[in-house]
Amino acid sequence: MRRLSDRYIAGPELADAIDTVRALNEAGRKATLDVLGEEVATADEALAIRAEYEQAMTAIEDEGVDANVSVKLTGLGLKVDPELCAESVRALVEIAAGHGRFVRIDMEDSSTTAATLDLYRELRAEGHLNVGIVLQAMLRRTLDDVGELVELQPNVRVCKGIYVEPADIAYQGDEAVRFNFVETIAALWEGGAKVAVATHDGALVAKALELIRDRGLGLERYEFQLLLGVREELADELVRGGHTVRIYVPYGRKWYEYSLRRLQENPKLAGYVARDVVRHLREPLSR
Ligand code: FDA
């Protein structure tokens, strides 16, 4: 598991994450740091994750790297103490604002969607502008959520959605999810939002580029986001094309739980990892 995780996780320590971000910055990419840890069982664990984020934000400034942070609400205690969770996110957003940085609230499984969107709206109502949200194209509700959010001129990461969800709330077929992905980014751009296009799916990247070109969108209206270690050649191509690329960099001591959980939750992921390993094993032979 450790060998499998190496490509996708910066390492157990903050210093590993900063080294990874520095290398990404040198290759023309920005980053967003994710402290591994979700579904904590106690308030103390949630506070420990908040403290890790505070250290990460200090290190980003001290080391002068180009990164922001992505947080998971269940890691900050959403299911243990929602008020503590809200207070922690608010505190992190305020620290980030002091540094001119941004906090992205990741989207987790559908049991958290409404609470996540509510907290985002609350923060925006309080006047915080340096916070963004994620919408999942697989969810049937997503276009309605766009309709309700768009007047805020939000900064939205759009992804397919990694959690396995039931058919009554989520599209199950690849094509339906792709279709909704394109509808979602188009509706967000139409409404004036900034969109982070988070996918490794070449067809979706091509479609997003077409929409960007057709609408004449400037760099302030979009960026592309990829996971660490996945489809690096696609990131290269986008950087060469003059687009902003941000890499999602997970790190932390919970790497084992994270990797195992992702694999158990989403069998599709196990397929990617297996294919990737085989490709890497075969590469030296084909050179
Ligand atoms: P798809 O699954 O079709 O993958 C396209 C190709 O990319 C695959 O054929 C494979 O080659 C490669 N690939 C994709 N994922 C891979 C992996 N993990 N390892 C190896 N190869 C892989 N989800 C969520 O529910 N909430 C969130 O907040 C986020 N946040 C987020 C941030 C960023 C920056 C990214 C890129 C993704 C997310 N996701 C997420 C995950 C997202 O929902 C989705 O599960 C993955 O990005 C995979 O879907 P693709 O759009 O890449 O397409």
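Predicted model: local features only at pLDDT ≥ 70, side-chain atom pairs only at ≥ 80, totals over all residues.
## Assignments and their criteria

Q: Which residues of helix H9 are buried, and why are they said to line one face?
A: In H9 (residues 232-240), Leu234, Ala235 and Leu238 are buried, a term for under 20% relative accessible area, with exposed meaning over 50% and partly exposed in between (1.4 Å probe, protein chains only). Seen down the axis of H9, these buried residues fall within an arc of 100 degrees, so they line one face. The arc is that of the directions from the helix axis to the C-beta atoms.

Q: What do the buried residues of H9 pack against?
A: They pack against helix H8 (202-215), strand E7 (222-227) and E8, where contact means heavy atoms within 4.5 Å.

Q: How do you know that the length of H8 agrees with expectation?
A: The expected span is 1.5 Å times one less than the number of residues. For the 14 residues of H8 this should give 20 Å, and the end C-alpha atoms are 20 Å apart, so the values agree.

Q: What makes one side of H8 a buried face?
A: Leu204, Val205, Ala208, Leu211 and Ile212 are buried, and they fall within an arc of 125 degrees seen down the axis of H8, so they line one face of the helix. They pack against helix H7 (174-190), strand E6 (194-198), E7 and H9. The face turned away from the buried side carries the exposed residues Arg213 and Asp214.

Q: Why is glutamine 153 called partly exposed?
A: Its relative accessibility is 47%, so glutamine 153 counts as partly exposed. This residue lies in the loop between helix H6 (142-149) and strand E5 (155-159), and its phi is near 50 degrees, a positive value in a residue other than glycine.

Q: What makes arginine 231 partly exposed?
A: The relative accessible area of arginine 231 is 34%, which means that it is partly exposed. Arginine 231 is placed in the loop between E7 and H9 and has a positive phi of about 45 degrees, although it is not a glycine.

Q: How many disulfides are found, and why does cysteine 85 form no bond?
A: A search of the whole structure finds zero disulfides, a disulfide being a pair of cysteine sulfur atoms within 2.5 Å. The sulfur of cysteine 85 is 18 Å from the closest cysteine sulfur, in cysteine 159, and is therefore too far for a bond.

Q: Are cysteine 85 and cysteine 159 buried or exposed, and what is the relative accessibility of each?
A: Cysteine 85 counts as buried because its relative accessibility is 0%. Cysteine 159 also counts as buried, at 17%.

Key
Residues numbered from 1 in each chain as written. Heavy atoms only, no water. Helix = DSSP H or I, 4+ residues; strand = E, 2+ residues; numbered from the N terminus.
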